[in-house]
Amino acid sequence: PPPVSPPPPLPSDFPFCNCQKAPNAGPWRVLFLSEWPTSYFGQPGWAVKLRLVNIVGSRTQGGLDKIELHIPGLLENKSWRNSIVDLKVGSRSATPTYENQIPVIKFTRLGLQYADGAAPGGVTLSFIILDRPLETICGGACTYAAFELPGTTGPCPVNSFTAITTEVVAPRPGVRGMRRSVRSVSLAAAHQLVEPVSK
């Protein structure tokens with residue numbers, strides 16, 4: 001029999017597959033809400049809260065199967081693997097997936113319908129990341145792909161958000177502690193996102 005041809009190489013750009021990557025290829029967006037210092041069974045960490053929403057006026061109304069987060073240093077920094085714990089999609093617990101060959105963390109089997117992201121407030125995605133804040137492993141802005149379908153095809157719009165830790169200010173004697181909010185997105189603002197109109 002003739003020799004079997006090797007599989008074609010993966011695309012070199014995130015999310016490293018042949019899906020539809022244009023930023024407006026689908027309706028789903030990830031909004032950064034907050035990041036606070038916390039602890040997890042005595043280990044220092046950061047509690048991250050994201051919001052999954054649909055943009056207004058999208059030309060498509062697909063669901064959301066998974067989010068892939070680009071972590072440029074994941075393959076070199078083995079300690080970053082398994083650093084995301086206590087992951088929740090809404091009130092439902094979930095488990096992230098780490099890849100061995102490509103630098104991504106996947107939040108899979110989300111099972112969200114378009115109506116979930118269009119509802120007031122969308123859907124909360126929360127987790128604790130151990131040892132270092134999210135902006136450190138993202139390398140600054142966090143780039144993500146929102147996959148409408150299981151697998152590596154179909155719409156997977158690539159966009160980004162900026163994660164900034166909220167600083168906890170030590171209180172003065174007799175004064176309650178203060179939290180200096182660095183970045184926050186209101187629920188009303190989340191649904192002001194508008195799909196660009198093609199000319």
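The structure is a predicted model, in which local features require pLDDT of at least 70 and side-chain atom pairs count only at pLDDT 80 or more, whereas totals for chains, interfaces and linings use all residues. Residues are numbered from 1 along each chain as its sequence is written, and side-chain values use heavy atoms, with hydrogens and water left out.

A nonpolar core is defined as a set of buried Ala, Val, Leu, Ile, Met, Phe, Trp, Tyr and Cys residues joined through side-chain atoms within 4.5 Å; buried denotes under 20% relative accessible area, exposed over 50%, and partly exposed the range in between (1.4 Å probe, protein chains only). The largest such core comprises 33 residues, and Phe 107, Phe 127, Leu 134 and Phe 161 have the most contacts inside it. At least two residues of this core come from each of β1 (28-40), β2 (43-54), β3 (66-70), β4 (84-89), β7 (104-107), β8 (123-130), α2 (134-138) and β9 (141-147). Helices (H or I, at least four residues) and strands (E, at least two) are DSSP runs, numbered from the N terminus. A second, separate core contains 10 residues, including Phe 14, Cys 17, Cys 19 and Val 104.

The peptide bond from Phe 14 to Pro 15 is cis, with omega near 5 degrees; Pro 15 lies in the segment before β1. Phe 16, also found in the segment before β1, has a positive phi near 60 degrees and is buried at 12% relative accessibility. In the loop between β1 and β2, Phe 41 is found; its phi is positive, near 50 degrees, and Phe 41 counts as exposed at 77% relative accessibility.
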